[in-house]
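Dear colleague,

Please read them with the coordinates open beside you.

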Amino acid sequence: MDAVVSFMATTANFYMSDSYSHRRVVITGMGVVSPLGNAPETLWNNLLEGQCGIDTIKAFDVSDYACQIAGEVLDLDPVEAFPSPKEIRRTDRYAQFGIYAGYQALKNSGLDLEKTNLDEVGAFIGSGIGGLSTLEKQHTILTAKGPSRVSPFLIPMQILNMASGLFSMYYNLRGPNVATCSACATATHALGEAWRTLKMGDAKVMFAGGAEAAVTPVGIGGFSAMKAMSTRNDEPKRASRPFDAERNGFVMGEGAAVLVLEELEHARARGAEIYAELAGYGNTADAYHMTSPSPDGEGAGRCMKMALRSAGLTADSISYINAHGTSTPQGDICETSAIKSVFGDHARKLSVSSTKGATGHMLGAAGAIEMAACTMALRDQKVPPTINYENPDPDCDLDYVPNQAREMEINAVMNNSFGFGGHNACVVAKKFK
């Protein structure tokens, strides 16, 4: 028992020490694959313009499905991110998205890998579901032709750590490498754990984010069976409507986003462009229900408080929240309640928006794509709107930046992600000074 107490005291002292608390983490690069474009600036401009990337699903015949709409990635050729076309064929669609987003982030950051100690560069690229399309295709082959015809690449293509693993192999990144998996909180957990890794001094640069490609027959069929998805099939671009009184479920999206997080002194030494500072991280569990949030968003509220505390910021420091805001009846109410419980009177002064009305819910990639939006909001001092917000819900009574982008002073932002299993993740970023 004494040994346990001693270990806990030593750990607590480390986290309070100057070596941990004085290490600052900044964002120096971004890469994006999304239904609204396959580059950060394309995504950002389309978000500000109120565009929507949701439409009738083109990947397969949806005539028998309750939900027939999604935000699909179109016109992506990932070849420049891969060593050869053969490697692309051996990689599931979700991993292609993640690797391409990581490649973009590397280019965007200006990091010269030949002049960098690659033992100090890592990757945390997660996925909520992984290679679902590969699993479906190979199961069809198994049942039709027998086990001898199953691809030897089934398992490495299907497992959800492969985007992170392959990205590190292609670019020889030998630092910490993990694939987070916490449903719709996956990418935000990746960002937060990468932040923690840098704070601890275990790396100098981390590529962090998430990738998802679950717009497949099983993916759409499974979520439809749960009655979690919108069935507004005749109006796909108006179907995802976070916080609106007529919301009736989420709309799935697919894609990836990866951000380059870097220890400040390392970024300064190489003359990197710094977009923002990642300042805090919260990580809690509801411990309540498999798919439903805890009443009044209690777990989400504790997560937001943790993120603020680790950032050393007060609630009134936050100007903007990119909400989880999935367009589900109960989820949006719970998040609204959680925000009010954490921010008190300041909640009425916050700008809160959900970009899922435009992209759909990208599941394990959602937190990263939304963090890219938060980063550009800090850079440009603009808030992306919540599109399709037309009918106020008395239970959702905050300022959701309806339908039009907003220019405003933004000093610090919060990004929320909550997942099935009761997983809550929250990160806080601020203007770099």
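**Cores, one buried serine and the aromatic pairs**

In the largest nonpolar core there are 67 residues, and those with the most contacts inside it are Met-252, Leu-259, Leu-261, Leu-278 and Met-371. Helix 15 (residues 366-380) supplies the largest share of this core, namely nine residues. Apart from this core lies another one, of 34 residues, among them Val-33, Ala-101, Ala-123 and Phe-167. Please keep in mind throughout that this is a predicted model.

To return to Met-252, its contacts, not counting residues up to four places away in sequence, are with Ala-70, Gly-71, Ala-214, Val-215, Gly-219, Ile-220, Phe-223, Met-229, Gly-360, His-361 and Leu-363.

Ser-319 also deserves a note. Ser-319 sits in the loop between helix 12 (298-311) and strand 9 (320-322), and with a relative accessible area of 11%, which is under the 20% cut-off, Ser-319 is buried. Leaving out residues up to four places away in sequence, Ser-319 touches Leu-350, Ser-351, Met-408, Glu-409, Ile-410, Asn-411 and Ala-412.

Turning to the rings, a search of the whole structure finds 10 aromatic pairs. One of these joins Tyr-100 and Tyr-103, whose ring centres are 6.1 Å apart and whose planes meet at 45°, so the pair is tilted. Both tyrosines belong to helix 5 (residues 93-109), where they are three residues apart, about one turn of the helix. Tyr-100 is buried, at a relative accessible area of 10%, and Tyr-103 likewise counts as buried, at 13% relative accessibility.

Phe-223 and Phe-420 form another tilted aromatic pair, with 6.4 Å from centre to centre and 45° between the planes. This pair links distant parts of the chain, 197 residues apart, with Phe-223 in helix 10 (residues 217-225) and Phe-420 in the loop between strand 13 (412-419) and strand 14 (423-430).

With best regards

Note on methods: Residues numbered from 1 in each chain as written. Predicted model: local features only at pLDDT ≥ 70, side-chain atom pairs only at ≥ 80, totals over all residues. Heavy atoms only, no water. Core = buried A, V, L, I, M, F, W, Y, C linked by side-chain atoms within 4.5 Å. Buried < 20%, exposed > 50% of the residue type's maximum accessible area, 1.4 Å probe, protein only. Helix = DSSP H or I, 4+ residues; strand = E, 2+ residues; numbered from the N terminus. Contact = heavy atoms within 4.5 Å. Phe/Tyr/Trp six-rings, centres within 6.5 Å; stacked < 30°, edge-to-face > 60°.
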